[in-house]
Amino acid sequence: MIDLKAHLRSLAEPVPDWLRDFRPEQPFPREAFFQSRLVYYPGSGHDGHAVRLFGGSHSCHCFVQVDHGLPQDALEKELDDPQRGFRGYKTLARLQLSERNLVPNGWKAHLDRAEARLDPTRFVSISPYSILEILEREPDYDEGHGPQRLAVLFLGADGIASYDALFCQSGSMGAPFAVLLQDHGFGGNGDRFGAGGALERIVQRAGIYPQYILADGGSTKVWEDYELVPEVQPDIGGMWANARGLYRWHGSTNKADAS
């Protein structure tokens, strides 16, 4: 079997032009960011697996990590810690964003409250936030470690509603390249991220399917219309050292640009 990171290297792409040329004094390049190939991770917490795997393989350079249980001050403390931040990278820019920066025309939910069954305040409640972290590789590291630059959008928000708002609206830029699915049991999410949950129902109703899903396929059931990529070995990641496999979309219609 082929190593998952090696498989993703076969899908490698150059650093997007906007990210390569980005200067710290620039405003948030919303359209350029969301037109980039990116990975979406709802309920990400402190887990950097998506960035390590997709970023380290050069297959993606942009990421959206969403968690309504991680306060902004705790996140920033971790990002600034040389031992706990993204190894081999330093912060080039940190942009504080508003909801209007992300969804300037507002958004309309694909599931109503009763249908969605979402209650993200059951266990935790933090002040919402959004920050874009532009990371630059440190001089002691080379291309084998990862690309010259990465961009990570961190949202203190509900991971299910955020997918709807960012990707499923009229005028949205299309689906993310990949979604990392990890259900957390009593982790405080309003509904499961995996099969049968509100996130899958939103994706099906909007027709906005990512090309790939990364999931363990055990505690987190993978959505319909996805099949395990054959002969690719799972990669270990997450708080519980899950063996996460790569699943590819094989449906017949998709409104997204699955490039």
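The following questions and answers concern a predicted model of one protein chain.

Reader: How many helices and strands does the protein chain have?
Author: This is a predicted model, and its elements are counted over the whole protein chain. The secondary structure comes to nine helices and twelve strands.

Reader: What radius of gyration does the protein chain have, against that of a compact globule?
Author: The C-alpha trace spans about 50 × 45 × 35 Å along its principal axes. For 259 residues, a compact globule would have a radius of gyration near 18 Å. The value for the protein chain agrees with this, at 17 Å.

Reader: What percentage of the contacts with a separation of 6 or more is between residues 24 or more positions apart?
Author: Of the 259 residues, 53% count as buried. Among contacts with a separation of 6 or more, the share from residues 24 or more positions apart is 76%.

Reader: How far apart do the centres of the positive and negative side chains lie?
Author: The protein chain exposes about 12,200 Å², of which carbon and sulfur atoms supply 49%. Its charged side chains are 26 positive and 35 negative. The centres of these two sets are separated by 2 Å.

Reader: Why are the buried residues of helix H5 on the same side, and which strands do they pack against?
Author: Helix H5 covers residues 72-80, and its buried residues are Leu75, Glu78 and Leu79. They lie on the same side of H5 because their arc around the axis is only 100°. In an α-helix there are 3.6 residues a turn, so residues three or four places apart point the same way. The buried residues of H5 pack against strands S4 (89-96), S5 (129-137) and S6 (149-156).

Reader: Which exposed residues does H5 carry on the face turned away from its buried side?
Author: The buried side of H5 holds Leu75, Glu78 and Leu79. On the face turned away from it, the exposed residues are Asp73 and Lys77.

Reader: Why is helix H4 described as largely enclosed, and how many of its residues are buried?
Author: H4 runs over residues 49-56 and has eight residues. The buried ones are His49, Ala50, Val51, Leu53, Phe54, Gly55 and Gly56. H4 is largely enclosed by the rest of the structure because the number buried is seven of the eight.

Reader: Is glutamate 231 buried or exposed?
Author: Glutamate 231 is in the loop between strand S9 (226-228) and strand S10 (232-233). It has a positive phi of about 65° although it is not a glycine. The cut-off for exposed is over 50%. At 56% relative accessibility, glutamate 231 is exposed.

Reader: Which residues does serine 57 contact, leaving aside its neighbours within four places in sequence?
Author: Serine 57 sits in the loop between H4 and S3. Its relative accessible area is 1%, so serine 57 is buried. Its C-alpha atom is 25 Å from that of glutamate 76, which is 19 residues away along the chain. With neighbours within four places left aside, serine 57 is in contact with Lys5, Leu8, Arg9, Ala12 and Arg52.

Reader: Which residues does alanine 12 touch, not counting those up to four places away in sequence?
Author: Alanine 12 has its place in the loop between helix H1 (4-9) and helix H2 (17-20), where it is partly exposed with a relative accessible area of 43%. Alanine 12 and glycine 55 are 43 residues apart in sequence, but 9.4 Å apart C-alpha to C-alpha. Not counting residues up to four places away, alanine 12 touches Ser57, His58 and Ser59.

Reader: Which residues is valine 103 in contact with, leaving aside its neighbours within four places in sequence?
Author: Valine 103 lies in the loop between helix H6 (99-102) and helix H7 (113-116). Its relative accessible area is 11%, so valine 103 is buried. Leaving those neighbours aside, its contacts are Arg30, Ala165 and Leu166.

Reader: How far apart are the C-alpha atoms of glycine 106 and histidine 68?
Author: Glycine 106 is in the loop between H6 and H7 and counts as partly exposed at 38% relative accessibility. Glycine 106 and histidine 68 are 38 residues apart along the chain, and their C-alpha atoms are separated by 20 Å.

Methods:
Residues numbered from 1 in each chain as written. Predicted model: local features only at pLDDT ≥ 70, side-chain atom pairs only at ≥ 80, totals over all residues. Heavy atoms only, no water. Buried < 20%, exposed > 50% of the residue type's maximum accessible area, 1.4 Å probe, protein only. Helix = DSSP H or I, 4+ residues; strand = E, 2+ residues; numbered from the N terminus. Arc of directions from axis to C-beta. Contact = heavy atoms within 4.5 Å. Rg over C-alpha atoms; globule rule 2.2 N^0.38 Å. Areas by Shrake-Rupley, 256 points an atom, 1.4 Å probe, with all protein chains shown as cover. Lys, Arg positive; Asp, Glu negative; His and termini not counted. Charge placed at Lys NZ, Arg CZ, Asp CG, Glu CD.
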